Amino acid sequence: MTHTGILWVDSDAPHADAARGLMGARHPGWRVVHSPSPETARAPLASHAWDAVVLCLRSSDQEPPGLLELCASHPVLLCIDSAQEALAARAFRCGLGDYVLRDADGTAHLNELLHRLAALMQNARGSGQEPGQPARMVDARIWQEALSMLQEQRSALQATLASMSQGILKTGPDGRITVYNQRVLELLNLPEALLATRPMLADLTRMQAERGDFGEDYNLVDPCGHDYLAQVGVVPSPALYWRTTRDGRTFEVRTTSLPDGSLVRTFTDVSDYVRVENELRESEARFRSLSDLSSDWYWELDAQGRFVQLVGDLVGSGMALPDVLGRTRWEIGALNMTESDWAAHRAVLAAQQPFRDLELARRHPDGSVYWLSVSGVPLLDASGALRGYRGVGRNITGRKQAESQIERLAFYDALTGLPNRRLLLDRLQRATVAATHSSTQGALLFIDLDNFKDLNDTLGHDIGDQLLLQVAQRLKACVRETDTVARFGGDEFVVLLEGLSANSAHASAETAHVAGHIATTLGQPYPLGETSHHSTPSIGIALFGRQPCSVDELLKHADLAMYQAKAAGRNTQRFFDPEMQAAVSSRSALEADLRRGLEQKEQLLYYQPVVDGKGHLQGAEALLRWNHPRRGIVSPAEFIPLAEQTGLILPLGHWVLETACAQLVTWSRSALTQPFFLSVNVSVRQFRQPDFVQQVLGTLDASGANPERLKLELTESLLLADVEDSIARMEQLRSHGVGFSLDDFGTGYSSLSYLKRLPLEQLKIDQSFVRDLQTNPNDAAIVRTILALADSLDLSVVAEGVETTGQFEFLHRHGCKAFQGYLFGRPMPCELLERTLRPAP
């Protein structure tokens, strides 16, 4: 039997012994000679008595052994570490036949080694080379080109495998791993020494299962339903799985069967992808739950503006999904949107601009109106092309109702529902501007109800409110829808007419016609509960449009005209006259001058003597005068009414009282003037001040004047209201010695029952009765009656306005004992009055 000689060059004796034992069992015809090093192998190699040579290199060897040159005629097999594959590539150029990677932890690679060694020798025999015979030399150039190409392919393969982000391994037909890359070690957390042994794929899979690398609960994504752990058998090509490890990483495992029975398996770490997918699913779940819980809804449009998605509380949207999908907003429509509005909205979409709070009003099937507010942003693809729009919407009906209510509270009268002063001023401002720029005129009608206060005071505010409501309804019925009827305040209403004729005469006639219609309509009886009330209006009218006029000026004009209507007897209408404004302006200027005069102390007192029947001076009446710096002495008839209206009568009255008390003190220092009294007129407004009594007493105390020489003259108008309070004040002052005289007696509304209760000491006959008592029997009778009444009440009498001797003689003959008038002296400064008391030189 012919033996096959094998020269085994190996410094690892146990490794060589294991190989020799395995070959003896598998190949009993092989004779193995072990040489411990390349140096000791040179002599045996030189004998050429070997069929094959196995060179087992040390892991520290970095270059092919020099004895390869002696092996050129023998099949040579290298056994090396995985890190020495580059060394094997260089060895091929020196005649290397094949190489095997050594198992770092054992001798499992010996099976593969013997298998390749047998194949290598078989190939040598097939080429005509007999064992033990010299190998035939092949063309060196072809051999070198083949080796170079093989090396390049192997280098390219190694570079490709090293650069892959996927882990990859390949098995042979027997299931052993023949190719792998570094990435698969990293992904599967495997030691390189493990794969260097070329284990069976089933062994690797089982080891991973035992190690617990993959959890038992994993995602299986296999359309054929195969289990990853059962892939040792028939494998579909390709088979795809997702595996989740215990530490939370997820792999995509793809297995492909090749025609020769080998397998290629790739491992891709898809943890980030899975995480993003999970986050996306969670985000979508959150979005859907929020959409379900929210009163808002989410929508999407395509590039043509058609709805493709609507998610959320569609009840709040007032729309059904089938009625919306596939349609545009402008096809659905809105009550508040015109075609130009929709065109503007489409322009925003075409410009790919976001939009916010587009408010749309629509109608429910039951006829009620609801409001929506939608906002959206464009959806663009990677190239910037418009894919559509997405956004949110909400039902804002409640907010719009609240806004409407707020607007009504802010701009409309709560009682009548008419525009209030604020809204009127806004509309009036716009109307005046529009009239100025157009060829039309407008009119403002200021309407005041006559005697409305009497109705409120007698029947109560509830009845008054009922009347105001009916007046508002009647006014609206009197004008056009384009006109404005407003409640200005209290019982004052305003009507604003626009679009009147440019001709002033025609505009006045149009306005007068409307005002007459209003007066007739408002003059009809008003049913108020079980009673009927009659009320009339006073109407002031101001036209506008021909000349610029501010809103304030226009209101003043109409107000002035209204007061002119009241002064003309009420229940009538008056147009504003520029002379009215002149009078008002004059009054305003006079008021300003009067205030300045008070500050500059321009007022002074004149004194008109009061004499007895023999012409002897008894005292005087203090009369207020104003010495204006430009106009001179201003008549009291001109400025006293103004002072009453503006309240300036209060500081004036106080000054008169102080000055009169100071004069009494001065008179008290002379025996000639010491017995004189001084009368001071007190206005109703001054008398009604809460501290009037304290003012009088305080002034008397501060000046030191004798209260019994001070006489306060009151008018009968005090008796019109709060008589009891008047009596109490008068009695309090009377208890301190202050006297009272009732001025202008007979001209007011005196009641004899009150007259006898008043703590008076004197009546003054008004000059209107004295003037004609000699020619008018009625005046004479009135004078006699007053004198008789005063005598019966034990009151003294002063006759005012005595200008003739005949008047004096009549009054004296009928019992009058005190007289005042031009017959005895005009009002004069104190110095002049005192000069008349001195005897002639």
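## Helix H18

How many residues does helix H18 have, and how far does H18 reach from its first C-alpha to its last? Helix H18 (residues 504-522) has 19 residues and reaches 26 Å, close to the 27 Å expected at 1.5 Å a residue. The expected span is 1.5 Å times one less than the number of residues. Helices (H or I, at least four residues) and strands (E, at least two) are DSSP runs, numbered from the N terminus.

Which residues of H18 are buried? They are Ala-507, Thr-511, Val-514, Ala-515, Ile-518, Ala-519, Thr-521 and Leu-522. Buried means under 20% relative accessible area, exposed over 50%, and partly exposed in between (1.4 Å probe, protein chains only). Seen down the axis of H18, the buried residues fall within an arc of 165 degrees, so they line one face of the helix. The arc is that of the directions from the helix axis to the C-beta atoms. An α-helix has 3.6 residues a turn, so residues three or four places apart point the same way. On the other side of H18, Ala-505 and His-513 are exposed. The cover over the buried residues of H18 includes H17 and strands E16 (441-449) and E18 (492-500).

## Model and confidence

This is a predicted model, in which local features need pLDDT of at least 70 and side-chain atom pairs count only at pLDDT 80 or more, while totals for chains, interfaces and linings use all residues. Residues are numbered from 1 along each chain as its sequence is written, and side-chain values use heavy atoms, with hydrogens and water left out.

pLDDT is the predictor's confidence in each residue, from 0 to 100. The protein chain has a mean pLDDT of 83, and 86% of its residues reach 70 or more. Over residues 129-142, pLDDT stays under 50, and the model has 18 contacts beyond four places in sequence for them. Residues 215-237 also stay under 50, with 46 such contacts. Contact means heavy atoms within 4.5 Å. Where pLDDT is low, the predicted coordinates should not be read in detail.

Helix H17 (residues 461-478) has 18 residues and reaches 26 Å, close to the 26 Å expected. Its buried residues include Ile-463, Leu-467, Val-471 and Arg-474. The charged end of Arg-474 sits over the ring of Tyr-526, 3.7 Å from its centre. For such a placement, NZ of Lys or CZ of Arg is within 6 Å of the ring centre and within 35 degrees of the ring normal. Lys-400 lies over the face of Trp-371, at 4.4 Å from the ring centre.

Helix H19 (residues 551-567) has 17 residues and reaches 24 Å, close to the 24 Å expected. Among its buried residues are Val-551, His-557 and Lys-566. Just after H19, Gly-569 takes a positive phi of about 115 degrees.

## Aromatic pairs

The whole structure holds 11 aromatic pairs. Rings of Phe, Tyr and Trp (its six-membered ring) pair if their centres lie within 6.5 Å; planes under 30 degrees apart count as stacked, over 60 as edge-to-face and the rest as tilted. Phe-687 and Phe-692 form a tilted pair, 5.3 Å centre to centre with 55 degrees between the planes. Both are buried.

Phe-808 and Phe-824 pair edge-to-face, at 5.7 Å and 70 degrees. Phe-808 lies in helix H29 (residues 805-813) and Phe-824 in the loop between strand E31 (818-819) and helix H30 (830-835), so the pair ties together parts 16 residues apart in sequence. Phe-808 is buried, at 16% relative accessible area. Phe-824 is partly exposed, at 24%.
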